[in-house]
Amino acid sequence: MSKTITISPTSRQEGHATLSLEVDDEGIVTSGRYYSITPVRGIEKMVVGKRPESAPVLVQRICGVCPVTHTLASVEAIDDSLKIDVPKTGQMLREICLNAHMINSHAIHHFLVAPDFVPEDDYRQTVKNVSEIRKQAQYVEDVIGGEGIHPSDIRIGGMAHNITKNTKNKIKTRISGLMGLLEKHVEQMAGYIEAKDFPENLGVHAQPVLATSNTYGSRQNISLQSIQEIMPNSWYSDKYTAQEDEEYADETMKTAKRIGKTACSQIPLYDSTPVETGPRARANKYRRFKDKGAKAQHLARAQEMINSAERIIELVDKIDPSAQTMAKYTIEGTNRLGVGVIEGPRGTNLHTARISPEGFITEYNCIVPTTWNIPTMGMATEGTHYKYAPDVIRAYDPCLSCATHMVVVDDESKEVLKDDMVQL
Amino acid sequence: MGGKEIMIHDSALGPHQEILTARATDKKILGKAQDGGIVTALLVYALEKNIIDGTIVAGDGKEAWKPEPIVATTKKEILKSSGTKYTMCPNLAMVKEATRRYGLEKMGIVGTPCQIMGVRKMQAYPMGLRHVTDKIALIAGIYCMENFPYDSLKAFIQDKANTTPEKVVKMDISKGKLFIRTSDDETAIPIKQTHGYEQSGCRYCMDYVAELSDVSCGSVGAKPGWSTVIKRTDVGCSLVDSAVEDGVLEVTETNTGKFGLEMLRKLATNKKKQRVKNVDKALDLGLEVPFTRSDLKEDILENR
């Protein structure tokens, strides 16, 4: 006889989510569902009708964990819609900023998962290392982005300022100086992850990976035609019709139905199936990393910090402090759908924007990394004991607040009024 | 770290540890700077000793005698901006920028008393200043009775001295007069005639000697070519002490008499007494002034 186990809210992640698991007599998960219960903020709706310049400033408030990623995806989308060619130096500065953010964000995640992996004796030292790594990464974000949280200098058309020669040297010294500690920290984390007694194949799933670039993001490597967004209502209850639902006496089936109405995020499919995105996806596609599962994800994430640091050192050398970083442009749009794709710490962040000829935003949509991962995360918990399910979830470093969307439901009857996702 | 001396609480001159009379030893600095070249010498010294890695100074703007704040990271840049410009320069506008694209981590700031008050307020309430205020390493203040908007200064130069800003080589306030020097002429305007031309905020400012700085200096109380240096915080004290030790500054006997510290004290006290009246008057009218009524203060000279 199967039973349902619900963990709500799941812990040590950004935002609030519920994990609903159907388990068999041995406690093995037969069906896993992970869904967001974070309240909706409505950022995508807010930017509609505004001037394009408002969009990056507003959407970076989607989340305080990765504002750099959202700002970049937003300016990229608007650059694309307005057909702006960003100067080379501006583009490089954007990439350095993103990679510094990558190091910073992965370091925060190590802090979050440290209780799972790090032995008590090493705990203090690990937290110290994380703090030091973050400090250096944030310095780079500060000087290039203008602000570590909510970067003000990443603008439509490029970057508001170039950096000075002094700053360029400082970034290089700081990141080169950090390399030793970073390598040590990654090696230690890898050791702890390897030593962890997870069941074999924990978190392994059959879904494909989605990644567009090794270090930045590319709109050429994603096809909008392949993307399909469906309602949680139809996704979580796809096996049952409404009539069948009424007939079901079984609690388990009713739970499935309820999830469809509670979940606050839509389900994006790429080529008609859920995908995994994030560090392991990038490593798999661009760094010949073939491992799968929860451990592999942690490992790929740790190693990516070094990858990003190397990229910063490589790029900062090429910065010309006297070069132009901002393109000249007018905000008369052509109603062209602009696409911005950024490889954020948690995966592929896709923003699309449309600017009217009068120069106002008429359409704005985000499909953010955790939204991609949400259906996959549930599937990944299947096949192992339910006590490991939270570990599987944490391996994705989910960040729910940006993944949240909403449907219109009648308050009294709880019936879905509008069966298409209101983009909020 | 502890101060060598005990902090002296002085309501006229602000909290300080020691007052001395000094000038820079570097002839290049003396030639370019206003009086004793203390600020320039200290900044260059702090830069060379790695106490600061750059500083915000009033550099040359597009128009003559209209300074613009710049971030100086070399001795050359600091020297280029030395000398007093008797008009406003929004130095604090650069504080955040200095920690961003200029990447400063140990910032020096030079400013008038009101600007120094602003910096201290920034440090106390760092709103919108994440990773900024922790990077301020040195705050040097300059004495200031009042300051003129650029248009006022232009009026003095054009209408009273009958010349153009481009031709002016040096401006100086001493002995109750504003001197405007061109290469072949000199005009002295009595300070009394400049009243009404100062910026309105100066009417309420009770700080003459940059009481909240690490170290403040100016010409008052010292013989020509020298400056009176007020060592305030431990940061300021150790900087001045080591600069003296390393021969960057030379110290002479301080005149405590009528034309020395007494004069400095008199000017500071007069400024405060006069401004207290303005503050009271404004408060009586119901205007917003960020200062306390004199009858609510224990000592009316207090800068609050």
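1. Domain bounds, as used in this note, come from an automatic or database domain assignment. On that basis chain B is divided into domain 1, covering 18-147 + 200-296, and domain 2, covering 148-197, and the centres of these two domains of chain B, taken over C-alpha atoms, are separated by 22 Å.

2. The structure is a predicted model, in which local features need pLDDT of at least 70 and side-chain atom pairs count only at pLDDT 80 or more, whereas totals for chains, interfaces and linings use all residues. Residues are numbered from 1 along each chain as its sequence is written, while chains are lettered from A and ligands numbered from 1 in the order in which they are written.

3. Within chain B, nine residues of domain 1 are in contact with nine residues of domain 2, two residues being in contact if their C-beta atoms, placed from the backbone, lie within 7 Å. The side of domain 1 of chain B that touches domain 2 of chain B divides into four nonpolar, three polar and two charged residues; here Ala, Val, Leu, Ile, Met, Phe, Trp, Tyr, Cys and Pro count as nonpolar, Asp, Glu, Lys and Arg as charged, and the others, Gly among them, as polar.

4. Strand β3 of chain B (residues 68-72) is mostly covered, with four of its five residues buried; a residue is buried if 20 or more other C-beta atoms, placed from the backbone, lie within 10 Å of its own. Helices (H or I, at least four residues) and strands (E, at least two) are DSSP runs numbered from the N terminus. Strand β2 of chain B (residues 54-59) runs antiparallel to β3(B) and is joined to it by five bridges, where strands pair if DSSP finds at least two bridges between them. Val57(B) has Ile70(B) as its bridge partner in β3(B).

5. The contact between the chains takes eleven residues from chain A and eight residues from chain B. On the side of chain A that touches chain B, the elements giving two or more residues are α5 (120-145) and α6 (165-195) of chain A, and α6(A) gives the most, with three residues. That side of chain A is made up of two nonpolar, six polar and three charged residues.

6. Chain A has 13 helices and 14 strands, and buried residues make up 50% of its 424 residues. Ile43(A), placed in helix α1 (residues 43-47) of chain A, is buried because 22 other C-beta atoms lie within 10 Å. Not counting residues up to four places away in sequence, Ile43(A) touches Leu58(A), Val59(A), Arg61(A) and Ile62(A).

Note on methods: A residue is buried if 20 or more other C-beta atoms lie within 10 Å of its own, exposed if 12 or fewer, and partly exposed in between; C-beta atoms are placed from the backbone.
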